[in-house]
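Work through the exercises below with the model open. Each one is followed by a worked solution.

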Amino acid sequence: MKRRALLTLAVSTLLLSACGQSTTNEASTDAANNGESELLQRINSGGTINIGTEGTYPPFSYHDVSGKLTGYDVEVSRAVADKLGVSVEFKETQWDAMLAGLDSKRFDMVANQVSLTTPERKAKYDKAMAYSWSGAVVLAPTDDNRYSSWESLKGLRTAQSLSSNYGELAERYQAEIVPVDGMAQAVQLVKQDRADFTMNDNLAVLDYLKNFPDSGLEIKLTAPASELRGSGLILRKGDDAVVAKVDEAMSALQKDGTLTKLSQQFFGADISKQD
């Protein structure tokens with residue numbers, strides 16, 4: 001009797017498993033028959049999208065004093081999800097594993113200030129409409145009025161990491177390099193008059209000025225719009241319909257002022273527009 005009960009339970013389990021598998025297969029088949037990807041189907045049905053982010057990269061993706069995950073990239077992603085009518089689940093991962101997690105479908109998108117700057121990345125991933133724009137800026141003392149153009153950097157001392165893109169840019173304009181390990185040291189040298197200026201990413205400098213409004217420093221020169229890099233949500237290549245939906249949502253957030261509001265909240269300036 002006991003053996004018959006066990007057999008009955010086993011058969012019931014197999015039937016339930018088969019039924020569940022059948023339902024999954026039917027959902028996948030329906031998506032295929034409709035020409036929709038599984039991600040697009042989830043979006044169209046108001047499901048959940050998974051977004052990879054660092055969670056340790058302020059002011060873009062970090063935990064506030066209460067432990068809540070926030071930041072410019074995170075809040076933009078939440079706003080996009082709201083426009084799409086879906087829920088969003090963030091999966092925190094290290095930078096080095098970010099795109100690998102996208103490849104393995106651990107998440108659907110990446111929100112972590114990623115720019116597709118190399119041919120290899122452009123061939124493998126799609127970038128939705130940019131929600132932040134950044135480029136090189138010159139940071140110098142407020143009362144220093146020598147910065148009329150990029151050519152005016154010639155002969156001036158700049159605190160730069162030798163291996164950085166900004167060090168190379170400073171050399172292009174014939175500035176004298178004062179070697180430093182990073183931005184914090186570079187700023188100190190400028191404030192101590194051991195360097196005339198430092199050059200860094202616009203977003204990093206805006207974050208510094210927001211946190212230290214009485215630093216006595218200000219942005220003197222900004223890269224032209226044509227040289228700015230745009231960062232957007234990154235997706236696996238080939239799901240054009242999803243990219244179009246994300247672009248539509250991002251465009252709506254641009255038009256209704258949400259991106260500008262979030263930019264001002266985290267940077268004190270609007271970084272959401274190229275010009």
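**Exercise 1.** Sort the lining of the largest pocket in this predicted model by residue class, and locate the lining in the fold.

Solution.
- Step 1: the lining divides into 8 nonpolar, 7 polar and 5 charged residues.
- Step 2: the volume of this largest pocket is about 410 Å³.
- Step 3: 20 residues form the lining, and those closest to the pocket centre are Tyr 57, Gln 113, Asp 201, Arg 229 and Ser 231.
- Step 4: strand 7 (132–134), helix 8 (202–211) and strand 13 (229–231) each give two or more residues to the lining of the largest pocket.
- Step 5: helix 8 has the largest share, 3 residues.

**Exercise 2.** Describe the second largest pocket by volume, by class and by the element that gives the most to its lining.

Solution.
- Step 1: the second largest pocket holds about 310 Å³ of space.
- Step 2: its lining has 4 nonpolar, 2 polar and 4 charged residues.
- Step 3: helix 6 (residues 165–172) gives the most, with 5 residues.
- Step 4: the lining residues include Asn 165, Tyr 166, Glu 168, Leu 169 and Arg 172, and also Arg 229.

**Exercise 3.** Which residues of helix 7 (residues 183–191) are buried, and what do they pack against?

Solution.
- Step 1: Ala 186, Val 187, Leu 189 and Val 190 are the buried residues of helix 7.
- Step 2: viewed down the helix axis, these buried residues fall within an arc of 160°, so they line one face of helix 7.
- Step 3: their packing partners are strand 8 (136–141), strand 9 (157–160), strand 10 (176–179), strand 11 (198–201), helix 8 and strand 12 (217–222).
- Step 4: after helix 7 comes Asp 193, with a positive phi near 65°.

Note on methods: Residues numbered from 1 in each chain as written. Predicted model: local features only at pLDDT ≥ 70, side-chain atom pairs only at ≥ 80, totals over all residues. Heavy atoms only, no water. 1 Å grid on protein atoms, 1.4 Å probe; cavity = no way out; pocket = protein on both sides within 12 Å on 5 of 7 lines; lining within 4 Å. Points joined across faces, edges and corners; volume = space filled by probe spheres on them. Helix = DSSP H or I, 4+ residues; strand = E, 2+ residues; numbered from the N terminus. Nonpolar A, V, L, I, M, F, W, Y, C, P; charged D, E, K, R; others polar. Buried < 20%, exposed > 50% of the residue type's maximum accessible area, 1.4 Å probe, protein only. Arc of directions from axis to C-beta. Contact = heavy atoms within 4.5 Å.
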